Amino acid sequence: MPRTPALSAPPPGRRAVLVSLAGLALGTAGCSGGTAAPSRSSPARPASSLPPASRSSVPASPSSGLPHTTPWRPTSAEVQPAAKLRAVQLVEAIGAWPGGHGGTAAARARVAALGLATGLVSRAGPLLPTADQAALQVVDAQYGGILTRTASVLVVCRQWIRRGGAVVSGGTTVDVRLSRSGDGWTVDALHPAQPGPAATSLAAGVRAALGDERIVLPPAAAADLRSGQVHTSVARAMLALARTYRLEVSVVRSGHPLDVFGTSRPSDHPRGRAFDVWRIDGHAVVDPATPRTLIERFMRDAAAAGSYNVGGPVLLSGGGADQFFSDATHHDHVHAGFRT
């Protein structure tokens with residue numbers, strides 16, 4: 001998926017981003033699938049640093065049995081922090097509630113309090129299960145694409161629900177679509193992930209990736225692998241990278257736009273031929289303090305692991321024809337796409 005390069009230098013500092021927000025005009029389409037039409041984020045000490053629920057525990061509230069969570073908030077290192085904040089606030093409002101405040105009507109009231117359309121609740125799907133109480137932790141919010149006046153923010157989250165005395169853990173990824181009006185962003189639609197049921201048998205490489213503790217998978221991404229709809233090339237690359245790095249994956253197949261954002265070209269993600277990484281060895285890709293050398297090395301190693309299409313916040317030279325790309329969408333994660 002060649003891209004028109006947009007970032008050839010390290011991302012701007014926080015002050016520079018803040019100064020430029022009001023007049024920023026972006027022309028970057030989304031992840032994977034072809035040349036884009038012309039045209040992340042970690043909280044200050046991020047809630048996303050909570051350990052994966054499937055591998056370790058999080059502190060629980062004695063009264064409810066649900067874990068303590070922290071609101072996820074973008075930093076000024078983001079390309080458009082206001083867009084991400086709007087998307088995350090909506091997901092947090094729908095997917096978490098205290099005892100006695102479950103159900104559609106209460107969710108609509110929480111959304112209305114944000115000044116957003118209450119009709120969005122009808123598209124919440126797995127984000128709004130039937131439960132007495134729910135806690136939600138946003139792991140990360142990354143761009144599925146960003147243009148001048150529209151954006152896709154992929155909100156990756158874990159969720160815990162209480163039904164009676166039982167607590168069940170899960171979560172999803174929501175593709176939140178936004179549009180810009182004046183100085184603000186509003187939410188137009190949301191599309192929760194639909195990973196599909198678990199397959200009866202999986203390739204050995206996929207099973208190994210699911211069990212590798214150096215490959216951190218959020219709920220929807222893990223379900224994608226368990227569904228059998230992800231190509232083995234993806235799992236093999238993850239395993240190869242995990243020999244050197246601890247990679248925290250944001251998106252694999254579901255919860256990503258079907259087409260490269262802003263185009264009609266199919267994305268590699270829904271076809272099970274791509275994955276995105278938002279944090280490497282504990283360093284968020286979007287964080288200006290993350291060494292550029294680490295990101296560059298990871299991107300080159302992703303290419304060496306078989307990716308034909310590696311994108312990130314740094315534009316690299318070399319590789320095959322248009323093998324590396326950089327743009328505003330990939331300011332907050334590293335994308336690795338595969339042909340088969």
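**View 1. The loop that holds glutamine 229.** Glutamine 229 is found in the loop that runs between helix 5 (219-226) and helix 6 (232-242), where helices (H or I, at least four residues) and strands (E, at least two) are DSSP runs numbered from the N terminus. The model is a predicted one, in which local features need pLDDT of at least 70 and side-chain atom pairs count only at pLDDT 80 or more, while totals for chains, interfaces and linings use all residues. Residues are numbered from 1 along each chain as its sequence is written, and side-chain values use heavy atoms, with hydrogens and water left out. With a relative accessibility of 38%, glutamine 229 counts as partly exposed, a class that lies between buried (under 20% relative accessible area) and exposed (over 50%), with a 1.4 Å probe and protein chains only. Leaving aside residues up to four places away in sequence, glutamine 229 touches Pro195, Gly196, Asp224, Arg253, Arg271 and Gly272, a contact being heavy atoms within 4.5 Å. From glutamine 229 to glycine 272 there are 43 residues in sequence, yet their C-alpha atoms are 5.9 Å apart in space.

**View 2. Helix 2 and its surroundings.** Helix 2 (residues 81-95) has 15 residues and reaches 21 Å from its first C-alpha to its last, close to the 21 Å expected at 1.5 Å a residue, the expected span being 1.5 Å times one less than the number of residues. Because 12 of its 15 residues are buried, helix 2 is largely enclosed by the rest of the structure; among those buried residues are Pro81, Arg86, Leu90 and Ile94. The buried residues of helix 2 pack against helix 3 (104-113), and also against strand 2 (133-147), strand 3 (150-163), strand 4 (166-181) and strand 5 (184-192).

**View 3. Helix 7 and glycine 306.** The end C-alpha atoms of helix 7 are 18 Å apart, which agrees with the 18 Å that its 13 residues should span at 1.5 Å a residue. Its buried residues are Arg292, Leu294, Ile295, Phe298, Met299, Ala302 and Ala303. Just after helix 7, glycine 306 takes a positive phi of about 120°, and this glycine 306 sits in the loop between helix 7 (292-304) and strand 10 (309-312).

**View 4. Aspartate 281 between two strands.** Aspartate 281 belongs to the loop between strand 8 (274-280) and strand 9 (283-284), and its phi is near 50°, a positive value in a residue other than glycine. Most residues other than glycine have a negative phi. The relative accessible area of aspartate 281 is 34%, which makes this residue partly exposed.

View 5. The protein chain averages a pLDDT of 85, and 81% of the residues score at least 70, pLDDT being the predictor's confidence in each residue, from 0 to 100. Over residues 1-28, however, pLDDT stays under 50, and the model has 86 contacts beyond four places in sequence for this stretch. Residues 33-58 also have a pLDDT below 50, with 93 contacts in the model beyond near neighbours in sequence. Where pLDDT is low, the predicted coordinates should not be read in detail.
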